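Please read the briefing below alongside the sequence and the coordinates.

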Amino acid sequence: MSQQTQRRSTSQGRRVVVVGAGMAGVQTAVALREQGFRGTITLVGAEPHRPYDRPPLSKSVLLGKAEGSAFEVDFEALGIALDLGREALGVRPAEHELDTAAGPVPYDVLVLATGAEPIRLPGTEGVPGVHLLRTLDDAQRLRPVLVRQHDIVVVGAGWIGAEFATAAREAGCAVTVVEAADRPLAGALPAEVAAPMTAWYADSGAELRTHARVASVEPGAVVLADGSRLPAGAVVVGIGARPATGWLAGSGIELGADREVVADAYLRASVPDVYAVGDCASFPSARYGERLLVHHWDNAIQGPRTVAANIIGDTPTGYDPVPYFWSEQFGRFVQYVGHHPAADTLLWRGDPLGPAWTVCWLRAGRLVALLAVGRPRDLAQGRRLIEAGTPMAPELLADPARPLKEALA
């Protein structure tokens with residue numbers, strides 16, 4: 001009997017340590033209990049706050065409609081020990097120990113769920129009035145900025161930039177969004193799909209400047225590469241995020257090109273008894289034929305169930321989801337499902353200048369991804385069609401009056 005199987009057969013005495021108290025970490029701990037794990041579970045988090053959900057930070061928490069977004073989980077009743085305000089510093093796999101600022105933590109199984117951290121704008125360290133929006137503390141620092149209705153410059157027209165600009169306009173702030181690329185969401189969507197979204201900014205009263213590179217940020221102003229100076233009572237940086245894995249250097253755990261933990265199809269890291277889940281890990285997708293790094297909430301919900309099953313069970317369970325995320329921006333509900341880069345066909349359902357429309361991506365006649373603006377039924381039906389790999393009839397799919405489920409080949 002292998003050492004790993006022996007540990008499984010005596011699960012009551014096994015120690016699982018989960019590093020990261022965000023959605024992926026919390027859901028892993030909860031899933032372990034739901035699936036019958038009887039050993040000890042310790043959830044280690046760098047922040048002192050009770051574990052909380054992040055999406056409300058750019059919405060209700062930021063606007064003062066909620067004080068926080070703590071998970072409604074009874075950790076004590078589930079027998080999950082919270083070890084908060086404890087920063088992870090490293091892992092020693094041979095010793096089965098997690099190193100933290102408060103000393104080592106022994107484990108039988110370690111789950112890496114440290115998420116992602118925002119990319120900082122070079123040259124802004126120590127400049128007053130420059131903000132990120134990733135944590136509860138970030139949102140609480142930004143809330144009075146919106147109350148005082150400062151002129152705000154948002155750097156980056158990605159998902160977080162659009163969501164923050166939406167909240168700032170709702171609060172009555174003057175908002176200018178500067179984007180180095182030629183369009184919003186340049187890193188996420190093709191030009192023809194992102195183009196209609198440009199008008200959303202002006203419709204909301206925000207100014208969007210594309211081809212606008214930031215040369216420097218000064219107290220009270222943002223200076224662009226063309227010499228323009230934008231008044232800025234506050235600057236919010238939303239130029240992307242990267243896996244929060246710098247603390248794993250020297251551990252022997254394999255990291256990928258984007259600094260993510262390279263997990264296998266069962267979400268196992270490259271060293272024994274270590275798993276990785278959520279924003280900090282990539283995984284191979286047989287469905288899409290490539291390794292995926294998914295920085296979205298749904299991935300942090302689905303992955304933990306697989307991790308828990310593989311910690312407890314004797315037969316490994318593979319992980320190959322259809323990625324999904326959503327965004328609320330400028331009065332529109334935007335949903336995306338799938339993965340479109342390898343698609344060979346793009347189809348529109350509806351007028352992109354209207355309030356509701358959908359884009360479908362196909363590969364070899366099968367739906368592989370879908371973006372729905374104000375059409376949640378398209379999203380729900382499309383997700384099932386992607387999961388099933390159902391052949392579609394393009395001429396029927398392009399008819400917005402026809403339900404997606406009826407556009408079959």
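In this predicted model, five strands form an open sheet with parallel pairing, in the order E3-E2-E1-E7-E19; strands (E, at least two residues) and helices (H or I, at least four) are DSSP runs numbered from the N terminus, and two strands pair if DSSP finds at least two bridges between them. Strand E3 (80–84) and strand E19 (274–276) are the edges, each with a single partner strand, so one side of each is left without a neighbour in the sheet. Direction ignored, neighbouring strands of this sheet are turned by 20° against each other on average.

Residues are numbered from 1 along each chain as its sequence is written. Local features need pLDDT of at least 70 and side-chain atom pairs count only at pLDDT 80 or more, while totals for chains, interfaces and linings use all residues, and side-chain values use heavy atoms, with hydrogens and water left out.

- Strand E1 (residues 15–19) and strand E7 (residues 109–112) run parallel and are joined by four bridges, with valine 109 in E7 as the bridge partner of valine 16.
- H2 lies across E1, strand E2 (40–45), E3 and E7, and runs at about 175° to E2; axes are lines fitted to C-alpha atoms, for helices over the stretch in contact, and angles run from 0 to 180 degrees between N-to-C directions.

**The packing of H2 with H8**

- Helix H2 (residues 23–34) packs with helix H8 (residues 297–312) at an angle of about 35°, their axes being 8 Å apart.
- From H2, Met23, Ala24, Gln27, Thr28, Ala31 and Leu32 take part in the contact, and the residues they meet in H8 include Trp297, Ile301, Arg305 and Ile312; contact means heavy atoms within 4.5 Å.
- The residues of this contact divide into twelve nonpolar, two polar and one charged, where Ala, Val, Leu, Ile, Met, Phe, Trp, Tyr, Cys and Pro count as nonpolar, Asp, Glu, Lys and Arg as charged, and the others, Gly among them, as polar.

**The sheet E9-E16-E10-E11-E12**

- Another open sheet of five strands, with parallel pairing, has the order E9-E16-E10-E11-E12, and its edge strands, E9 (130–131) and E12 (207–209), each pair on one side only.
- E9 pairs in the parallel sense with strand E16 (residues 234–237) over two bridges, and histidine 131 stands opposite valine 236 in E16.
- Helix H5 (residues 159–170) packs on this sheet, where it touches strand E10 (151–155), strand E11 (174–178) and E16, and its direction makes about 165° with that of E11.

**Hairpins**

- Strand E22 (residues 324–329) and strand E23 (residues 332–338) run antiparallel, joined by six bridges, and glutamate 328 stands opposite phenylalanine 333 in E23.
- The hairpin of E22 and E23 has two residues between the strands, and phenylalanine 330 in the turn has a positive phi of about 50°.
- Strand E4 (residues 88–92) and strand E5 (residues 97–100) are joined by four bridges and run antiparallel; their hairpin has four residues between the strands, with histidine 96 in the turn at a positive phi of about 55°.

**Whole chain and confidence**

- The protein chain has ten helices and 26 strands.
- The mean pLDDT of the protein chain is 93, and 97% of its residues reach 70 or more; pLDDT is the predictor's confidence in each residue, from 0 to 100.
- Over residues 1–10 pLDDT stays under 50, and the model has 15 contacts beyond four places in sequence for them.
- Where pLDDT is low, the predicted coordinates should not be read in detail.
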